[in-house]
Amino acid sequence: MLDPAFLLAGVLNGLLAGGIYVLVAVGLTLIYGVLHIINFAHGSLLMLAMYAVFYLWRLIGIDPYAALPAVVAGAFGFGFVLYRLLIGRYNHGRDENILLITLGLSIVIDNIALLFFGGDTQTIDVPYAGTFVEIGAAFLPLPKIISFGASLVLCAALGLYMAKSDMGKAIRAVARERQGARLVGIDVENVFAVSYGIGIACLGAAACLLMPTYYVTPSSGHAFVLVAFTIVVLGGMGSFAGAAVGGFIIGITESLGGLFLGEQLGQIGISLIFILILLLKPTGLFGSKA
Amino acid sequence: MLEVRDISKSFGGLKAVDRASLDVAPGEIVGLIGPNGAGKTTLFATIAGFHRPDAGTVSFESKPITGLPPHRICAAGMVRTFQITQPFAGISVRENIMVGAYLHTADRRLAAREAEAVASLVGMKDQLDQRGADLTVAGRKRLELARALATGPRLLLLDEVMAGLNPTEIVEIVGVIRNIRASGVTILLIEHVMQAVTSLAERVYVLNQGRMIAEGTPASIADNELVIEAYLGHGAARVLRA
Amino acid sequence: MNRTALLCGLGLAVTIAYPLLVPNYLVTIGMLVFFTAFIGQSWNIAGGFAGQTSFGHVVFFGTGAYTSTILQVTYGWNPWLAWPVAMAAGGAVGWMIAVLSFRAGLRGSYFALITLAFAEVFRILANSVPFTKGGLGMLIKADPRPINFQFKDPIWVYYLALLLCIVSLLIAWQLTRSRFGARLVAIRENEDAARALGIDVFAEKVKVLTLSGAMCAAGGTFYAQKYLYIDPGIAFGVDKSVEMLLVSMVGGAGTIFGPLIGSFTLMGINEVTRWLASVVPALKNVQPLSLVVYGVMLILIVARLPDGLMSLFRRPTIKANSRHA
């Protein structure tokens with residue numbers, strides 16, 4: 001098992017997976033950084049997006065990568081409306097309240113998915129799924145590499161948007177100083193809704209990038225939520241750099257964990273990291289305030 | 001009774017308290033005044049165990065208490081109130097005060113009787129069944145006082161207990177505080193309301209930008225150049241004298 | 001006070017007579033109501049009274065279930081003797097999680113999430129470790145005699161569940177009248193103020209989690225003895241955590257009868273969805289439908305009625321929680 005070839009493959013695969021995890025985590029950390037909400041429904045919404053990608057492929061024949069713009073736009077809209085109708089209304093009061101509401105939301109989404117989609121695992125068969133790229137001693141699936149690249153591009157695009165665009169600046173202002181932003185005339189409620197929408201849009205993108213090589217079942221949401229939280233807590237709540245670094249670390253941990261401990265036990269690495277970070281350094285690698 | 005020696009406390013780069021010292025003898029009412037942001041509440045919080053001082057010591061009744069957690073200091077006989085009131089919002093005034101009374105009794109009936117007695121002392125007898133969240137500012141201030149009193153302290157640290165009260169309420173509270181001292185409790189109070197400080201305190205300390213700049217009777221403090229400058233600005237003393 | 005005593009007496013009489021008058025499947029439903037109320041109360045003590053919301057309470061449930069089952073199946077212990085050991089194990093896990101989490105200063109949402117992570121760790125371990133038989137789960141040999149903590153007649157299971165529920169109500173009642181309970185409420189309302197008034201917040205939180213863990217573990221053993229089979233999904237699955245949280249919040253977190261009222265409500269929902277599934281052929285799967293309703297209920301309660309259904313009875317003297325303070 002300590003064969004360098006396996007290790008290399010494990011690390012590279014983990015890196016590739018991590019690239020997409022970064023996208024998921026960026027959405028979560030954005031939502032936390034701006035709205036101070038721990039979006040427990042993040043995993044379930046990703047699962048929903050993945051089903052959307054699946055059915056677009058199954059019913060209309062759209063390649064998941066080609067569907068990206070549509071899915072991202074749709075996800076943004078969904079998130080925006082979800083914020084306006086539900087989350088935005090109860091964004092005040094104890095922080096556990098919104099956590100409970102998003103918990104309720106995730107339960108509703110998970111089980112509606114179970115009702116309508118059934119419990120079966122669904123996958124997409126893209127023609128290039130069987131293509132492999134050789135890096136050193138490791139054979140990596142081409143779609144994973146494409147997804148990885150696409151994820152990096154999207155993250156960079158998001159970073160650019162946040163830095164240069166007016167809305168991006170408004171979002172960063174609200175994240176740093178809510179009252180001050182209000183005072184200079186920024187429509188804070190709108191920024192909240194947009195931020196939440198962007199967070200969900202990231203999930204839409206991640207869904208498109210995951211489906212070529214991954215699978216979806218209604219319980220995927222539950223699996224993803226702990227991964228997403230672990231990354232964000234590891235990297236530091238509200239920190240983009242943290243989400244990026246955390247994503248890669250977790251991707252590699254998951255991959256190597258599976259390699260050394262088997263598929264089942266390997267998953268424990270993520271939960272343990274989550275616990276250890278919270279107990280030892282709750283602010284994470286790059287976070288400022290716990 | 002209370003010996004505070006050279007306490008310093010910084011937050012990040014900001015030195016909130018800089019080698020502050022003070023003494024309180026049993027039975028006294030001592031005031032701690034100073035302009036806004038002087039570090040008074042931080043000093044209180046450090047004395048009462050909510051912050052660990054970067055340097056300096058605190059002794060209570062000849063026993064060192066520096067660095068002890070707040071609940072141990074309270075159990076030792078010194079209790080503080082909060083400048084921004086912290087009522088137990090969801091429960092009644094009686095139940096609020098009982099929490100304090102439970103420090104030295106486990107019996108609910110005893111604690112309830114004690115709560116009622118303390119409530120009468122501070123003038124809240126008619127509000128015992130009101131929810132903490134439903135109190136006015138004055139009510140919350142009184143509740144802070146009552147809760148702290150119910151723990152049976154020998155030294156009471158009052159943090160701006162008059163802030164937000166109208167003149168009538170202030171006169172009432174002053175009377176209550178005098179009664180509390182008469183019952184054997186020593187008091188150290190932070191106050192902005194000068195009339196209260198001058199009528200209550202025998203001695204006053206003045207804190208400015210974290211440093212103790214003066215100490216004395218209320219009358220001598222009012223004449224102190226450094227104190228005047230702390231409140232009114234540099235050169236003010238000279239201007240006033242001219 | 002007298003009215004309450006009268007209502008309690010009436011309720012007691014009704015609940016005792018109930019299984020003697022209804023068919024078996026209704027007896028089992030009644031049993032589940034009281035059982036869920038019992039484990040819900042274990043959550044309520046920590047989450048409602050003390051304000052320490054936990055998302056992973058099932059970790060105590062599963063600890064209890066596996067402890068007594070392993071002792072019974074692998075080591076031949078009598079289940080009645082294994083029961084207190086299971087409770088002790090649950091208490092120990094509660095103690096450990098509390099000490100670790102509160103030493104690290106975790107509060108609110110972070111505490112909720114770390115309990116979820118702990119439950120997940122236990123689930124994965126149970127799935128992978130040989131002495132829990134991994135994913136296969138553990139079967140208790142069916143030998144329905146009272147000495148084996150197994151009952152042929154569901155009436156006895158019902159009465160045992162009822163007894164557990166009554167014990168849990170008494171524990172909660174005692175909390176409302178004791179110094180410990182008052183301190184927990186103070187901690188829930190305002191930790192710093194509690195500290196300033198001499199309460200050792202850390203110690204009290206650890207105590208309540210230990211008690212809660214022991215109670216919940218007792219429920220785990222009961223469940224294992226009733227269904228004679230546990231696996232990592234049943235013992236440590238997230239659904240039970242949600243159920244315990246939900247019945248308490250729906251009924252009224254921090255109240256004595258909250259979990260019981262919540263349990264009745266959820267059981268009612270279950271029966272309605274079961275009926276719905278029988279008349280609407282498309283809804284073949286009952287459990288997800290119930291859970292959808294649960295999720296909606298949770299959202300509605302937190303958003304609209306944070307103090308739960310108990311607050312509709314407006315009793316200012318009973319300590320209500322303050323989720324909207």
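This is a predicted model: local features need pLDDT of at least 70, side-chain atom pairs count only at pLDDT 80 or more; totals for chains, interfaces and linings use all residues.
Author: In helix α1(B), the buried residues are K40(B), T42(B), L43(B), F44(B), A45(B), T46(B) and I47(B).

Reader: What does that say about how α1 of chain B sits in the rest of the structure?

Author: Helix α1 (residues 40-47) of chain B has seven of its eight residues buried, so the rest of the structure largely encloses it.

Reader: And what backbone feature comes just after α1(B)?

Author: A positive phi of about 95 degrees, taken by G49(B).

Reader: Which strands make up the six-stranded sheet of chain B, and in what order?

Author: The order is β6-β7-β8-β3-β9-β10, in an open sheet with mixed pairing. Strands β6 and β10 of chain B are at the edges with a single partner strand each, so each has one side without a neighbour in the sheet. From one strand to the next, the twist averages 15 degrees.

Reader: Which of its strands does α1(B) touch?

Author: Helix α1(B) packs on this sheet and touches β3 (29-33), β6, β7, β8 and β9 of chain B. The direction of α1(B) makes about 150 degrees with that of β7(B).

Reader: Parallel or antiparallel for β7 and β8 of chain B?

Author: Parallel: β7 (residues 155-159) and β8 (residues 186-190) of chain B are paired over five bridges. Within this pair, D159(B) is opposite I190(B) of β8(B).

Reader: How do β9 and β10 of chain B run?

Author: They run antiparallel, with five bridges between β9 (residues 203-208) and β10 (residues 211-216) of chain B. One bridge pairs L207(B) with M212(B) in β10(B). The two strands form a hairpin with two residues between them, and Q209(B) in that hairpin has a positive phi near 50 degrees.

Reader: What about the four-stranded sheet in chain B?

Author: That sheet is open and antiparallel, with the order β2-β1-β4-β5.

Reader: Switching to the assembly, which two chains have the most contacts?

Author: Chains A and C have the most contacts among the two pairs of chains that touch. The contact involves 33 residues of chain A and 33 residues of chain C. On the side of chain A, the elements giving at least two residues each are α4 (95-117), α9 (220-235), α10 (240-266) and α11 (268-280). The largest share, 15 residues, is from α4(A). By class, this side of chain A has 22 nonpolar, eight polar and three charged residues.

Reader: How many residues does chain B bring to its contact with chain C?

Author: Chain B brings 24 residues and chain C brings 22 residues. Elements α2 (70-76), β6 (78-80) and α3 (93-101) of chain B each give two or more residues to that side. The side of chain B is made up of 15 nonpolar, five polar and four charged residues.

Reader: Where do chains A and B stand relative to each other?

Author: No contact joins chains A and B, and their closest C-alpha atoms are 13 Å apart.

Reader: Last topic: how many residues are in the largest nonpolar core?

Author: There are 278 residues in that core, and those with the most contacts inside it are V24(A), A49(A), V53(A), A206(A), A207(A) and L298(C). Leaving aside residues up to four places away in sequence, A49(A) touches V71(A), A75(A), L203(A), G204(A) and A207(A).

Conventions. Residues are numbered from 1 along each chain as its sequence is written. Chains are lettered from A and ligands numbered from 1 in the order in which they are written. Two residues are in contact if their C-beta atoms, placed from the backbone, lie within 7 Å. Ala, Val, Leu, Ile, Met, Phe, Trp, Tyr, Cys and Pro count as nonpolar, Asp, Glu, Lys and Arg as charged, and the others, Gly among them, as polar. Two strands pair if DSSP finds at least two bridges between them. A nonpolar core is a set of buried Ala, Val, Leu, Ile, Met, Phe, Trp, Tyr and Cys residues joined through C-beta atoms within 7 Å. A residue is buried if 20 or more other C-beta atoms lie within 10 Å of its own, exposed if 12 or fewer, and partly exposed in between; C-beta atoms are placed from the backbone. Axes are lines fitted to C-alpha atoms, for helices over the stretch in contact, and angles run from 0 to 180 degrees between N-to-C directions.
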